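Please keep the 3D view open and find each residue as it comes up.

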Amino acid sequence: MNYKGFFFACLLAVSVSVVAQSPVYLDPSHGIEARVEDALSRMTLSEKIAVIHAQSKFSSAGVKRLGIPDFWTDDGPHGVRPDVLWDEWEQAGQTNDSCVAFPALTCLASTWNPQMANLYGHSLGEEALYRNKNMILGPGVNIYRTPLGGRNFEYMGEDPYLASRMVVPYIQGLQSLGVASCVKHYCLNNDEEYRHQVNVILSDRALHEIYLPAFEAAVKEGHAWGIMGAYNLYKDEHNCHNSITLNKILKQDWGFDGVVVSDWGGAHDMDQAIRNGLDMEFGTWTDGLTMGATNAYDNYYLSKMYENAIRQGKYTTKELDEKVRRVLRLFFRTNMNKQRPYGFLCSEAHYEAARQIAQQGIVLLQNTGNVLPIRIEACRKILVVGENAIKMMTVGGGSSSLKAQHEISPLQGLQQRLAGKVDVEFARGYVGDATGSYNGVTTGQNLQDDRTPDALIAEAVEKARTADYVVIFGGLNKSDYQDCEGHDRKSMDLPYGQDRLIKALAEVNPKTIYVNISGNAVTMPWLNKVPAIVQGWFLGSETGTALASVLVGDVNPSGHLPFTWPSSLQDVGAHALDAFPGIWRDSEKKIIDEEYKEDIFVGYRWADKKKIRPTFAFGHGLSYTTFKVSNLRVKNKVTHDGQMTFTVDVTNTGNREGDDVIQLYISDLKSSVERPVKELKAFQRVSLKPGETKTVTLTTDRRALSFWDEVSGDWKAEPGDFQAFVGDASNNLPCKVKFTLQ
Ligand code: GLC
């Protein structure tokens, strides 16, 4: 007997059998659903309850006994928020969690470039992986209904189609790395001031045609693994546990198989939390526990009280098992996914991505006399004016606030680019908000300046007299009642007396350039006095580098507005109809009913309906070259299934390379319901060398011809004549063609 051989044969048999015995949920060779069911069958009631609610400010429990780790979420859409203490909002003071701050999502939307959205999500995902965050609480795609909206800078503009096209690749980029998105805030969270009390009232058409499409695309095309319920109410139910938006529309109609995460503090009722679609409860302030009492998380609606209710027989585990299945599916997609790559933080690739997205999103709004780009060779001195030329914007604004490894200011960007070539002087011009800290992160800047507005303006004007160019960086900032979570702006005007400063500078220097740093439109009473105007957005870590590259012409601007720029609030439906922010239901002031009276007529849809000429139109964006859009052809002038293919020629008629964004709008010439004059239904970015012509192909489907039919509760395209308009702005559509749906 060869005992040695026999021994090894037994050892092999045992080891094989051990390997064969590894449980299904731990064996990636099985599909996720099999692993979910296996894990579920092994979990106790207490373990099931533990995974559906938070255990700390940003984490929820795994199942230690089964080797499933805790689950970590983190803000935000623009970068990975610094770690906070276990149960605090204040940052933990780590020294290894500084990140790249990517441009705000309004800037991403302004690129009209889905490839940039994918690059964005992928880069952010790599930073999240390094920081061991399994879910990024973003992106946000609430529609820009009013220029006063405090969080518009975190979203993708006023048009549901543009937001739909840009959110999908962001999600795909992020989730390709095994990091979950959590698309927010679902739904109808379009203002901030009373976000916990607003009960939105609107037509089914407005809901489905304007406010849901970006979320629908995120789920059906982006396959988002997470959706965050919004604070506000719809049909008197909070959107973190809402039978219509969550159970019916999201999970039943759209087939969402991910988890619904509450916004922090968005859960308000146990029975609704159990029955109305909430899967993971975060941030609840139970029993007035606004601070982290030791057993705060036991008091959650989906914690001990739910477990006790089951033990008392008030509920079966039917709803619980459904929630746990979704949470387990999330685990196997993220922190139980063995295929996940390693991440990294603050790499040059991530800075390059931030720069590229910023450069493609900056919008040249006006350039009378071609003042821009700055001609370095013909210039001795440039005066840079404004608090926004020096103020850090990555700190503040609410939960999207970051601890950036660096943030190059507009002034620094110009100084670096023009070093040794042009003398760059600075004048403060105005003082806005000298503070600079948020949840323990401080900018370290000392912006204190006690001079009077008159003195500040006098200094700037004096220096402007002898400058070849004056570049003013103004706009908003991330302080309360500016571009900031939790409040809306009180006015559309520029704050801090900037209008007076801008007028004074334009009077003494014909080459005055105004760069607006904001996530929202502002009024511009000096519009015809300032030859060059640029929308600079909140660009994150590479702000100054990106802005300088565009202003001096290294980069040809190619951003196009993702929202209409009205000349006043009266030109906005929500304000013209006095439908913002809403009316308190009663003296208790628990509920404020906000009726979206403008219905589907949001943004350019309103401007078209009322024949209003905005300051700048949706889709507007100039270039340092010029383009011609011509020769629109349609493959078939009669369609039976609504599939249409349009082609158009685009020529660069100028003398430098540049990108244009070709946009296609559809008009239903005769319909049984009132429809917008036109609606964006396709777009394509195109790069052209001087003199080059390219043919751009734009395709649409039946949905592009449809409206939401409130009778059938479905999309409906009525046979008849339609018209397609093509150009590079909603108010510059030189090509049109009619076609018929049979
Ligand atoms: C905040 C925000 C949400 C954020 C969450 C966690 O209240 O509404 O966007 O992700 O809480 O910070």
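Predicted model: local features only at pLDDT ≥ 70, side-chain atom pairs only at ≥ 80, totals over all residues.

1. In it, a polar side-chain atom of D75 sits 2.6 Å from an oxygen atom of the ligand.

2. The side chain of D263 places an N or O atom 2.7 Å from a ligand oxygen atom. R81 also takes part: one of its polar side-chain atoms is 3.3 Å from an oxygen atom of the ligand.

3. Now view the whole shell. Which residues come nearest to the ligand? They are D75, K184, H185, Y231 and D263, out of 15 residues around it. By type, the shell holds 6 nonpolar, 2 polar and 7 charged residues.

4. Move on to strand β24, residues 658–668. Is this strand mostly covered or mostly open? It is mostly covered: 11 of its 11 residues are buried.

5. Check which way the residues of β24 point. G658, D660, I662, L664, I666 and D668 point one way. D659, V661, Q663, Y665 and S667 point the other way. Residues of both sets are buried. In a regular strand, side chains alternate between the two faces of the sheet.

6. Next, find the partners of β24. Strand β25, residues 679–688, runs antiparallel to β24 and is joined to it by 9 bridges. Here G658 stands opposite L688. Strand β29, residues 720–727, also pairs with β24 in the antiparallel sense, over 6 bridges. In that pairing, D668 has F722 as its bridge partner.

7. Turn to helix α12, residues 318–333. How far does this helix reach from its first C-alpha to its last? The span is 23 Å for 16 residues. That is close to the 22 Å expected at 1.5 Å a residue. Why is α12 described as largely enclosed by the rest of the structure? Because 13 of its 16 residues are buried, and buried means under 20% relative accessible area.

8. Finish with K503. This residue belongs to helix α16, residues 498–508. Its relative accessibility is 31%, so K503 counts as partly exposed. That value falls between the 20% limit for buried and the 50% limit for exposed. K503 and K529 are 26 residues apart along the chain, and their C-alpha atoms are separated by 7.1 Å.

Key
Residues numbered from 1 in each chain as written. Heavy atoms only, no water. Near = heavy atom within 4 Å. Polar contact = N/O pair within 3.5 Å; in protein donor to acceptor, adjacent residues only side chain to side chain. Nonpolar A, V, L, I, M, F, W, Y, C, P; charged D, E, K, R; others polar. Buried < 20%, exposed > 50% of the residue type's maximum accessible area, 1.4 Å probe, protein only. Helix = DSSP H or I, 4+ residues; strand = E, 2+ residues; numbered from the N terminus. Pairing = 2+ DSSP bridges. Expected span 1.5 Å × (residues − 1).
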